[in-house]
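Visitor: I'm new to this one and would like to learn how to read it. Could you walk me through it, feature by feature?

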Amino acid sequence: MTFYTFMMRNHRGKNTPEGDLAGDIFQDRESFPRNGKGKFDGWHRILRGYLERQHACSDCLDVFEKCWEDYVRCEKS
């Protein structure tokens, strides 16, 4: 599954920092980069760079890092 799909399935609609990030990603669904299934190399950098170019605050970037770790762990299990 893509990181986008992971965020939508696990966090969208929840009143949490992760849910806020998922909502922002959903709002930007036309432009948000989507990695291929199981493709981790380089995608972390691409997605983080995208968020930085969108002027994401440091708290948002911290939430992204946590969600990315959860995503990779989920995909590798």
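Guide: Let's start with burial in helix α4. This is a predicted model, and in α4 the buried residues are Cys 60, Leu 61, Val 63, Phe 64, Cys 67, Trp 68, Tyr 71 and Val 72.

Visitor: What covers the buried residues of α4?

Guide: The cover includes α1, residues 3-10, along with α2, residues 17-27, and α3, residues 43-53.

Visitor: And how many residues does α4 have, and how far does the helix reach?

Guide: α4 runs over residues 58-76, which makes 19 residues. From its first C-alpha to its last, the helix reaches 27 Å, close to the 27 Å expected at 1.5 Å a residue.

Visitor: Okay, now packing. How do I read two helices against each other?

Guide: Two packed helices are described by the angle between their axes and the distance between the axes. Take α2 and α4: the angle is about 95° and the axes are 10 Å apart. Angles of 65 to 115 degrees count as roughly perpendicular, so α2 is roughly perpendicular to α4.

Visitor: Which residues in α2 and α4 meet?

Guide: On the α2 side you'll find Pro 17, Glu 18 and Leu 21. They meet Cys 60, Val 63, Phe 64, Lys 66 and Cys 67 in α4. Sorted by class, the contact of α2 with α4 has six nonpolar residues, no polar ones and two charged ones.

Visitor: Let me try the next pair. At what angle do α1 and α4 pack, and how far apart are their axes?

Guide: The angle for α1 and α4 is about 100°, with the axes 10 Å apart. That makes α1 roughly perpendicular to α4. From α1, the contact uses Phe 3, Phe 6 and Met 7. From α4 come Phe 64, Cys 67, Trp 68, Asp 70, Tyr 71 and Cys 74. By class, the contact of α1 with α4 has eight nonpolar residues, one charged and no polar.

Visitor: Can we zoom in on Phe 6? Why does Phe 6 count as buried?

Guide: Burial is a matter of relative accessible area, and the cut-off is under 20%. Phe 6 has a value of 5%, so Phe 6 is buried. This residue lies in helix α1. Beyond residues up to four places away in sequence, Phe 6 touches Met 1, His 11, Cys 67, Asp 70, Tyr 71 and Cys 74. For a sense of distance, Phe 6 and Asp 41 are 35 residues apart in sequence and 17 Å apart in space, C-alpha to C-alpha.

Visitor: What about Thr 2: where is this residue found?

Guide: Thr 2 is found in the segment before α1. With a relative accessible area of 16%, Thr 2 is buried too. Leaving aside neighbours within four places in sequence, Thr 2 is in contact with Asn 35 and Tyr 71. The C-alpha atoms of Thr 2 and Gly 13 are separated by 18 Å, although the two are 11 residues apart along the chain.

Visitor: Now the core. How many residues does the largest nonpolar core have?

Guide: That core has 22 residues. Those with the most contacts inside it are Phe 3, Met 7, Leu 21, Ile 25, Phe 32 and Trp 68. Two or more residues come from each of α1, α2, α3 and α4, and α4 gives the most, with eight. For a look at one member, Ile 25 touches Phe 3, Tyr 4, Met 7, Met 8 and Phe 32, not counting residues up to four places away in sequence.

Visitor: Which residues in α3 are buried?

Guide: In α3 those are Trp 43, Leu 47, Gly 49, Tyr 50 and Leu 51. Their cover includes α1, α2 and α4.

Visitor: Last stop: what follows α3, and is His 55 buried or exposed?

Guide: α3 is followed by His 55, whose phi is positive, near 65°. That's a positive value in a residue other than glycine. His 55 lies in the loop between α3 and α4. The cut-off for exposed is over 50%, so at 71% relative accessibility His 55 counts as exposed.

Terms used: Residues are numbered from 1 along each chain as its sequence is written. This is a predicted model: local features need pLDDT of at least 70, side-chain atom pairs count only at pLDDT 80 or more; totals for chains, interfaces and linings use all residues. Side-chain values use heavy atoms; hydrogens and water are left out. Helices (H or I, at least four residues) and strands (E, at least two) are DSSP runs, numbered from the N terminus. The expected span of a helix is 1.5 Å times one less than its number of residues. Buried means under 20% relative accessible area, exposed over 50%, partly exposed in between (1.4 Å probe, protein chains only). Contact means heavy atoms within 4.5 Å. A nonpolar core is a set of buried Ala, Val, Leu, Ile, Met, Phe, Trp, Tyr and Cys residues joined through side-chain atoms within 4.5 Å. Axes are lines fitted to C-alpha atoms, for helices over the stretch in contact, and angles run from 0 to 180 degrees between N-to-C directions. Angles under 35 degrees count as roughly parallel, over 145 as roughly antiparallel, 65 to 115 as roughly perpendicular and the rest as oblique. Ala, Val, Leu, Ile, Met, Phe, Trp, Tyr, Cys and Pro count as nonpolar, Asp, Glu, Lys and Arg as charged, and the others, Gly among them, as polar.
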